[in-house]
Structure formats: structure tokens, C-alpha cells
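Good morning, and thank you for making the time. I would like to take you through one protein model. Please have the sequence and the structure open as I speak.

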Amino acid sequence: MANRRIALAALTVLELPHPELVSVAAKAGYSHVGLRLVPVTGQPYLHPLDPAAIEKRLADTGVGVLDVEVFRLEAETKVADYEEAIAVSARLGASQILVHGADENEARLVDSFGRLCDLADRYKLGVNLEPMPWVAISTVAKAKRILDGARRQNGAYLADAIHFFRADNRLDELRGVPMNYVQFCDARAGRPADMQEMIRQARFDRLPPGEGALPLKDFLNAIPKQIPISLEVPMTRELPPLERAKLVYESTLRVLGYSS
């Protein structure tokens, strides 16, 4: 058993309704889950939201909620529209929300990120900006500019291993950047030249930690020690959700140096 918090991210078993995600996480050995309560465009599964049912399953299993996603900030986003989802996140015991910066206007994005931080702070939630190669905030450097511009105590950077290594980033850039947790996975060798293929692999075709080519040991050495890890590993490999969750968890324990 790991002595750090390890969460099963929703994308790893996206076909599962929220309470079933919690049950699978418990059976596979995870201490926490990540919940996707705000679907993204084109998401293949839209599960009904029943906070009471999720609360009961969390209580029954002892699993906690690490983060809730996806809070996407675009040019037309009205931050106040996210309050209901943020209130539910707090009700379920989450400590973090995950944000994508998809507004090319940096000044406007700084403003909206700051207002989202203020809203989330009322519910005692951290706000974590995750760069991805295909959105406006694609790198650590760009995320830092938003964090520095907003200057909110609950604002932080979220590193996802596949996105970090497939964008223009360096490990030394992580030094001193506020981080509440990271997302962990492995990936095939090489950075796809085609952006659509990069997106496809990120959304559907990652690898369990230790089975791919990412320098995960270097990544772990560059982030704060014992920071919680969310395992976001969607795979094309056909495995039942519980087997998939166990495979990802046990692979991660080996990379971390724990006994599985």
C-alpha cells in the first residue's frame, strides 16, 4: 500500500457512472478518485449527476475525492455559471478543481482565472491550471504567466505527464511552481507530428506507468515529494474497468518503488 494519496482519475474508466467509479477505485486499492462532473466537448459518456448517491458510495467505501473536472475557461465563459458544480465538489469533499485555459486573450484569461479562484476559495478549493499542447495554455511558462497575473493563493499549476513531455517544457521549470497534485501516466515514444494524433493518444491511448517511454523517474524527482498522484490512463487495451484500474495502480506502485 502506498503511503501517499493516489487517485483514480475519471478518464481512466470514463464509462463508469460516478458511484461505480468510487467502488472500482476502492476495490483496486486507491485512496481517492477524481470525478468528471463537468463534461468536455465530445465526451462519449454523459453520466447523470446524483450527489447523494456519490456521497453514500464514498461513505460506504472510505474513498475520498481528490479533484473535480473539467472547468474550462474560454472567451465566452461566465465564471458564475460554475458555482453549482463547485458547490457540489465541496459537498463531496474534493480539495481541488481542474482548469483548462482555452482563451487566447491572456489578459481576459488572467481575469477569469482569478475570478474562478475567488469563487472556489469560498468553498475552500484549490484551482489547478493544466496546460495541454492544443489549448491556449499549453506550457508551464504560459501557465506561470496566468498564475503570476492572477496572484491568488489557491491558484496552482497541474502537471500531466503526457502533456508535459509533449509540449515545449523543461523539468527545471517546475522548480518553485505551486502544485497541489499531478496527473500520471506513460506514453509511446516520440511526439506525434500531427496534433489530432496527439489529441487521440492523450484522450484514448495512454500507457500504464512504466510501460512507455516517458522519463517518469525524472518527472517524479522534479515535483514536490509525496504530492498526491491522480492516475489518468485511458487505454485502447480492452480490459474490464476493475482490471484496468488495478493494472494502472500496480504499475504506478512499481514506478514509485512501493511493493504492489
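Predicted model: local features only at pLDDT ≥ 70, side-chain atom pairs only at ≥ 80, totals over all residues.

I begin with helix α5.

Directly after α5 comes Arg151, which adopts a positive phi of about 50°.

Let me turn to the sheet. The model contains an open sheet of nine strands with parallel pairing, and the strand order is β6-β5-β4-β3-β2-β1-β9-β8-β7. At the edges stand β6 (155-157) and β7 (159-160); each has a single partner strand, so one side of each is left without a neighbour in the sheet.

Leu8 stands opposite Val33 in β2. Helix α1, made up of residues 18-28, packs on the sheet and touches both β1 and β2. The direction of α1 makes about 160° with that of β2. Another helix, α3, covering residues 83-91, also packs on the sheet, where it touches β3 (64-73) and β4 (96-101). For α3, the angle between its direction and that of β3 is about 170°.

Five bridges join β2 to β3, and the two strands run parallel. Leu35 has Val68 as its bridge partner in β3. How many of the 10 residues of β3 are buried? Nine of them are, and the strand is thus described as mostly covered.

I return now to helix α3, this time for its buried residues. These are Ala85, Ile86, Val88 and Ser89. They cover an arc of only 160° around the axis, which puts them on the same side of α3. The elements covering them include α2 (51-61), β3, β4 and α4 (106-121). Following α3 is Gly93, with a positive phi near 90°.

Leu58 and Gly93 are 35 residues apart along the chain, and their C-alpha atoms are separated by 9.5 Å. Is Leu58 buried or exposed? With a relative accessibility of 9%, Leu58 counts as buried, the cut-off being under 20%. If residues up to four places away in sequence are not counted, Leu58 touches Val22, Val63, Gly64, Val65 and Leu92.

Next, Arg5, which lies in the segment before β1. Its relative accessibility is 40%, and Arg5 therefore counts as partly exposed. Between Arg5 and Gly64 there are 9.6 Å in space, C-alpha to C-alpha, although the two are 59 residues apart in sequence. Setting aside neighbours within four places in sequence, Arg5 is in contact with Ser31, His32, Leu66, Pro228 and Ile229.

Gln183 may also interest you. It is located in strand β8, residues 182-184. Gln183 has a relative accessible area of 0% and is buried.

Phe219 brings me to the aromatic residues. A search of the whole structure finds six aromatic pairs. Ring pairs link Phe219 with Phe164, Phe165 and Phe184 into a cluster.

Finally, the cysteines. A disulfide is a covalent bond between the sulfur atoms of two cysteines. How many disulfides does a search of the whole structure find? The search finds zero. Cys117 counts as buried, at 0% relative accessibility. Cys185 is likewise buried, with a relative accessible area of 0%.

That concludes the presentation, and I would be glad to take questions.

Conventions: Residues numbered from 1 in each chain as written. Heavy atoms only, no water. Pairing = 2+ DSSP bridges. Helix = DSSP H or I, 4+ residues; strand = E, 2+ residues; numbered from the N terminus. Contact = heavy atoms within 4.5 Å. Axes fitted to C-alpha atoms, helices over the stretch in contact; angles between N-to-C directions. Phe/Tyr/Trp six-rings, centres within 6.5 Å; stacked < 30°, edge-to-face > 60°. Disulfide = S-S within 2.5 Å. Buried < 20%, exposed > 50% of the residue type's maximum accessible area, 1.4 Å probe, protein only. Arc of directions from axis to C-beta.
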